[in-house]
Amino acid sequence: MSSSQTSSSSSEAPAAAQPFSRVLDVPCPVNVLLGTGVMSVRQCLGLARNSIIELSQSAGEDLQLVVNGVLLARGEVVIIEDSAALRITEIAAPAATE
């Protein structure tokens with residue numbers, strides 16, 4: 001009577017993660033949101049150079065990092081050489097799903 005043994009080799013672990021590895025390099029749209037506001041169509045049509053749009057955020061408030069339409073984090077603007085960047089100050093709580 002022979003007994004079959006199931007062995008767990010180290011080569012099985014990457015196979016379990018393999019389905020996810022295919023999507024790790026898929027590009028996602030990333031937006032840094034300065035603020036939000038509400039305008040009427042009339043106000044939008046009246047916009048011109050030097051128009052000022054009032055936002056609901058306070059001055060100095062962290063900016064929102066939105067990835068593929070989902071709020072992921074908040075942060076502050078930093079300058080690196082000649083470019084603007086975002087320093088993450090807070091990771092957003094996961095959105096509640098219903």
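In this predicted model, E81 is placed in the loop between β3 and β4. The protein chain holds two helices and four strands, and from the N terminus on its elements follow the order α-β-α-β-β-β. Of the 98 residues in the protein chain, 9% are buried.

- E81 is not a glycine, yet its phi is positive, at about 55°.
- E81 counts as exposed because its relative accessible area is 74%, and exposed means over 50%.
- The strands β3 and β4 form a hairpin with two residues between them, and E81 is where the positive phi near 55° occurs.

**The turn between β2 and β3**

- N68 is located in the loop between β2 and β3.
- These two strands also make a hairpin, again with two residues between the strands.
- N68, a residue other than glycine, has a positive phi near 55°.
- The relative accessible area of N68 is 53%, so this residue is exposed.

**The sheet**

- Strands of a sheet pair through backbone hydrogen bonds, and the pairing may be parallel or antiparallel.
- In this model, four strands make an open sheet in the order β1-β2-β3-β4, and their pairing is antiparallel.
- Which strands stand at the edges of the sheet? They are β1 and β4; each has a single partner strand, so one side of each lacks a neighbour in the sheet.
- From one strand to the next, the twist averages 40°.
- Strand β2 covers residues 63-67 and strand β3 covers residues 70-80; the two run antiparallel and are joined by five bridges.
- Within this pair of strands, L65 is opposite A73 in β3.
- Strand β4, residues 83-91, pairs with β3 in the antiparallel sense, over eight bridges.
- Here I79 has A84 in β4 as its bridge partner.
- In a regular strand, side chains alternate between the two faces of the sheet.

**Salt bridges**

- Side chains of opposite charge can pair when their charged atoms come close.
- How many salt bridges are counted in this structure? The count comes to two.

**The nonpolar surface patch**

- Which residues make the nonpolar surface patch of about 420 Å²? The patch is made by L34, M39, L47, I53 and L55.
- L34, one of these residues, lies in the loop between β1 (30-33) and α2 (41-45).
- Is L34 buried or exposed? L34 is exposed, with 59% relative accessible area, because exposed means over 50%.

**Cysteines**

- How many disulfides does a search of the whole structure find? The search finds zero disulfides.
- C28 is partly exposed, with a relative accessible area of 44%.
- C44 is partly exposed as well, and its relative accessible area is 42%.

Technical notes:
Residues are numbered from 1 along each chain as its sequence is written. This is a predicted model: local features need pLDDT of at least 70, side-chain atom pairs count only at pLDDT 80 or more; totals for chains, interfaces and linings use all residues. Side-chain values use heavy atoms; hydrogens and water are left out. Patches are made of residues with over 30% relative accessible area and no salt bridge: like charges are joined within 9 Å, nonpolar side chains (Val, Leu, Ile, Met, Phe, Trp, Tyr) within 5 Å. Accessible areas come from the Shrake-Rupley method with a 1.4 Å probe; for residues, only the protein chains shown count as cover. A salt bridge is a side-chain nitrogen of Lys or Arg within 4 Å of a carboxyl oxygen of Asp or Glu. Buried means under 20% relative accessible area, exposed over 50%, partly exposed in between (1.4 Å probe, protein chains only). Two strands pair if DSSP finds at least two bridges between them. Axes are lines fitted to C-alpha atoms, for helices over the stretch in contact, and angles run from 0 to 180 degrees between N-to-C directions. A disulfide is a pair of cysteine sulfur atoms within 2.5 Å.
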